[in-house]
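Here are some notes to read alongside the structure, written for someone who is meeting a fold of this kind for the first time. Please keep the view open while you work through the points.

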Amino acid sequence: MMIEYVTNAFSPEMVLERVNDLQPWFLVVSVAVTGYLCLRVILSILNFIYVYFMRPGKKLTRYGDYAIVTGATDGIGKAYALELAARGMNLILVSRTQSKLDDVKKEISESVKNRVDIMTQAIDLTRVTDDVLASFEKSIADKDVGILVNNAGMALDHPDYLETTSPAFNRDLININVYAPTVLTSAVLPGMKSRKRGVIVNLGSANGILPAVPLLSTYAGSKAYINQFSRSMDEELKGYNIRVHDQCPFFVTTKISKIRKPRLDAPTPKAWARAAVKQIGYETDRTPYWSHGLMLMAIHSLCPEWAVNEYVHSLHKSFRRRFYRKQAQRAAADKKD
Ligand SMILES: NC(=O)c1ccc[n+]([C@@H]2O[C@H](COP(=O)([O-])OP(=O)(O)OC[C@H]3O[C@@H](n4cnc5c(N)ncnc54)[C@H](OP(=O)(O)O)[C@@H]3O)[C@@H](O)[C@H]2O)c1
């Protein structure tokens, strides 16, 4: 009975009859609204294709001679440094370990066709004292620094509840993810302002722009700081021809993500950095890699906030359970030996 009613109600004759009954103004408004919505969808698809696949990157040497990259000995930072050198930028590489910096300096000099000057500075960015900062400022005072990439960062090695992470760990995380990018930005600004050009790229994370990231609250909070800091600084520096970006990856195959094999949603650092460098000088904050851009668009436009929160929460709880299960298995195996 019910099926018969529904079939009749939506038969072509009935639908046509209903349309004929409608007021002409209603039809005009409906067609206009539908047309407008379709146009918006088509334009945003075309814009996505242009931004991620066709828009040319800016000529980076116009911002200055040198690029500073922190956390340049591994992962995204190393790939970023290689990409900048390939585009003619001289480099100042910063990381904790001098021997790793020497190796990366050699690797970049040998692999890049352009002859670039590469300097290195070993700084532990979880401990940027006033003296360390003063000596860093002195070392760059006579350099035309056009780009600063605040990339070095720390994350928890597995999602967990706040009280399980030590105060020392949380202090280090906030120092390297929040304090270091802030003071390094302020160190390069006088030079950039006097030359009226420059770019600061801050490595945020998708975790900093999702509605909530339970069990990774400190990391997500530090990256949310980076997002608002970058947006505010970008506006603050408008009159000086200086741009400040927050570039937010989802997963990239590095030590931090613990993902080894590249996937559609987890590109290699090289692929990610190539995409990221092409976005310099455009929008303030962006997930520079195309599949991450699609993921963020889907999250923002298709998923209700409660569903995203629920999904991330249960995903992180399952990661946490797996971490402790593996730890217990390892302990049991050690006991046997
Ligand atoms: N990979 C991802 O999936 C992902 C996703 C979202 C956001 N991010 C962000 O991207 C940035 C880079 O991450 P990554 O995955 O490329 O990390 P990574 O592969 O672990 O590399 C980290 C780099 O930072 C340096 N570093 C670590 N601790 C340091 C310290 N205390 N002082 C100075 N340098 C230090 C390391 O060199 P040394 O050990 O020699 O010091 C290394 O060069 C981070 O800000 C991270 O939050 C990554």
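How many helices and how many strands does the chain have?

1. The chain has eleven helices and seven strands, and please bear in mind throughout that this is a predicted model. Its C-alpha atoms fill a box of roughly 80 × 65 × 35 Å along the principal axes, and buried residues make up 33% of the 337 residues in the chain. Among contacts between residues at least 6 apart in sequence, 72% join residues at least 24 apart.

2. The seven strands form an open sheet with parallel pairing, and their order across the sheet is E3-E2-E1-E4-E5-E6-E7. At the edges are strand E3 (118-122) and strand E7 (285-286), each of which pairs on one side only.

3. Two of the pairings can be followed in detail. Strand E1 (residues 66-70) and strand E2 (residues 90-95) are joined in the parallel sense over five bridges, and Tyr66 has Asn90 as its bridge partner in E2. Helix H5 (residues 98-111) packs on the sheet, where it touches E2 and E3, and its direction makes about 165 degrees with that of E3. Helix H7 also packs on the sheet, touching E1, strand E4 (145-150), strand E5 (198-203) and strand E6 (242-247), and the direction of H7 makes about 175 degrees with that of E4. The other pairing to follow is that of E4 and E5, which run parallel and are joined by four bridges, with Val201 in E5 as the bridge partner of Val149.

4. Is E5 enclosed or open to the outside, and why? Six of the six residues of E5 are buried, so this strand is largely enclosed by the rest of the structure. Gly198, Ile200 and Asn202 point one way from E5, while Val199, Val201 and Leu203 point the other way, and all of them are buried. In a regular strand the side chains alternate between the two faces of the sheet.

5. The largest nonpolar core holds 68 residues, and those that touch the most other members are Val69, Tyr80, Ala81, Leu84 and Leu91. Helix H7 (residues 167-195) supplies the largest share of this core, with eight residues. If neighbours within four places in sequence are left aside, Leu91 is in contact with Tyr66, Ala67, Val69, Ala81, Leu84, Ala85, Val116 and Ile118.

6. Helix H9 (residues 269-278) has several buried residues, namely Pro269, Trp272, Ala273, Ala275, Ala276 and Val277, and the buried residues of H9 pack against H4 and E6.

7. Which residues are closest to the ligand? The ligand is surrounded by 28 residues, of which the closest are Gly71, Gly75, Arg96, Gly153 and Thr254. By class, this shell has eleven nonpolar, twelve polar and five charged residues. Helix H4 (residues 75-86) gives the most to the shell, with three residues.

8. Finally, please look at Arg18, which lies in helix H2 (residues 12-21). Arg18 counts as exposed because it has 11 C-beta neighbours inside 10 Å, and the cut-off for exposed is 12 or fewer. The C-alpha atoms of Arg18 and Gln98 are separated by 77 Å, and these two residues are 80 residues apart along the chain.

Definitions and conventions
Residues are numbered from 1 along each chain as its sequence is written. This is a predicted model: local features need pLDDT of at least 70, side-chain atom pairs count only at pLDDT 80 or more; totals for chains, interfaces and linings use all residues. A residue is near a molecule or strand if its C-beta atom, placed from the backbone, lies within 6 Å of it. Helices (H or I, at least four residues) and strands (E, at least two) are DSSP runs, numbered from the N terminus. Ala, Val, Leu, Ile, Met, Phe, Trp, Tyr, Cys and Pro count as nonpolar, Asp, Glu, Lys and Arg as charged, and the others, Gly among them, as polar. A nonpolar core is a set of buried Ala, Val, Leu, Ile, Met, Phe, Trp, Tyr and Cys residues joined through C-beta atoms within 7 Å. A residue is buried if 20 or more other C-beta atoms lie within 10 Å of its own, exposed if 12 or fewer, and partly exposed in between; C-beta atoms are placed from the backbone. Two residues are in contact if their C-beta atoms, placed from the backbone, lie within 7 Å. Two strands pair if DSSP finds at least two bridges between them. Axes are lines fitted to C-alpha atoms, for helices over the stretch in contact, and angles run from 0 to 180 degrees between N-to-C directions.
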